[in-house]
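Please have the viewer open as you read.

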Amino acid sequence: MTKIKLTDNLSLSQIIRGFWRLDTWELSTDELIDNMKSSIDLGVTSFDTAEIYADTLCESQIGEAFAKDPALRGKVELISKTGIYKQEINGKSFGYYNTTYDRIVRSCKESLQRLHTDYLDLYLIHREDPLLDPWEAGRAMLDLKKEGLIKEIGVSNFDPFKFDAMNKAVDGALVTNQIEWNPVCFEHFNSGMMDYLTVNKIHPMIWSPLAGGRLFQEDDLQCKKAMDKIKEIAERHNCEPDTIVYAWIMYHPVQAMPIVGSRKVERIEFAVKAMDVKLEHYEWYEIYAASGQQQIR
């Protein structure tokens, strides 16, 4: 498995394991440990979660696995995220953001407790906060890094303007932006984020590379157009459509790291096989234009 070097202090497996749906996997702690080990055996050693996933339950379940098999933690790079919260108001749940200094520091320490670990390899601000003070949030992230509670820092779902503001506030210490990208989502191409990351040699993590499974829905016209082309290319390469999508993402010079969110080991295997697929240059553009959203002029 290729490792993507983010800093001298941290490299991640180019395929990352996502645990945002862990609460629905219905695995015992022992089964989760075995599932994690299968991922590690495939070279997928970077694990991504967040405190908001299932209202902290996903972090807790991962922590139970680490507590039961302490050796497991040393075999993985652990990533979590902060900044999204819920508040009960008149019996209804209201979601909001909080990236203030005290909240970030408190959240990190709470995540460490749930995860049964002394440190995170990578800590991200989860979403763009309209009230983001990059200097305050940046100070919190850098202080956590100085304390040894996190190795490296980054953000998630930031546009180029907020990313640049935050990066200036931390003296260029951001090592990634975890963003959505798939054959029917080009937000970060159109915003200029991909260009920013590429020229600055910052490698993004990619969530929802299969559009959360939506790519396989026949009743979604954009997805059907994209998948018809992906299947055609998959036949040329004698592999699964999933594999082609992961190969397409990793073909880009930004050296993106797609996140696999399935509990099924075979789905991880499909992603890993993409490392050996050699797309033709024109095939990348076939997928880029397939849904009809992007034009080649």
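The report below goes from the overall fold to the barrel and then to the cysteines.

This is a predicted model, in which local features need pLDDT of at least 70 and side-chain atom pairs count only at pLDDT 80 or more, while totals for chains, interfaces and linings use all residues. Residues are numbered from 1 along each chain as its sequence is written, and side-chain values use heavy atoms, with hydrogens and water left out.

**Overall fold**

The protein has 11 helices and 12 strands; these are DSSP runs numbered from the N terminus, helices being H or I of at least four residues and strands E of at least two. Its radius of gyration is 19 Å, close to the 19 Å that the globule rule gives for 297 residues, so the protein is as compact as a globular protein of that length. That radius is taken over C-alpha atoms, and the rule is 2.2 Å times the number of residues to the power 0.38. Along the principal axes, the C-alpha atoms fill a box of roughly 50 × 45 × 45 Å.

Of the 297 residues, 56% count as buried, meaning under 20% relative accessible area with a 1.4 Å probe and protein chains only. Counting contacts (heavy atoms within 4.5 Å) between residues at least 6 apart in sequence, 73% join residues at least 24 apart.

An unreviewed UniProt entry places the feature "domain: NADP-dependent oxidoreductase" at residues 15-288; such annotations may be inferred rather than shown by experiment. That span is 43% helix and 19% strand, and its end C-alpha atoms lie 21 Å apart.

**The barrel**

How do the strands close up? In the order β3-β4-β5-β8-β9-β10-β11-β12, 8 strands form a barrel with parallel pairing, where a pair needs at least two DSSP bridges. From one strand to the next, the twist averages 30 degrees; axes are lines fitted to C-alpha atoms, for helices over the stretch in contact, and angles run from 0 to 180 degrees between N-to-C directions.

Strand β11 (residues 205-207) is joined to the parallel strand β12 (residues 257-260) by 2 bridges, and Ile206 has Pro258 in β12 as its bridge partner. Helix α9 (residues 241-251) lies across β11 and β12, at about 150 degrees to β12.

**Cysteines**

The structure holds 0 disulfides, a disulfide being a pair of cysteine sulfur atoms within 2.5 Å.

| Cysteine | Closest cysteine sulfur | Distance |
|---|---|---|
| Cys108 | Cys58 | 18 Å |
| Cys223 | Cys185 | 11 Å |

For Cys108, that distance is too far for a bond. Cys108 is buried, with a relative accessible area of 0%, and Cys223 is buried with a value of 0%.

Key. Buried means under 20% relative accessible area, exposed over 50%, partly exposed in between (1.4 Å probe, protein chains only).
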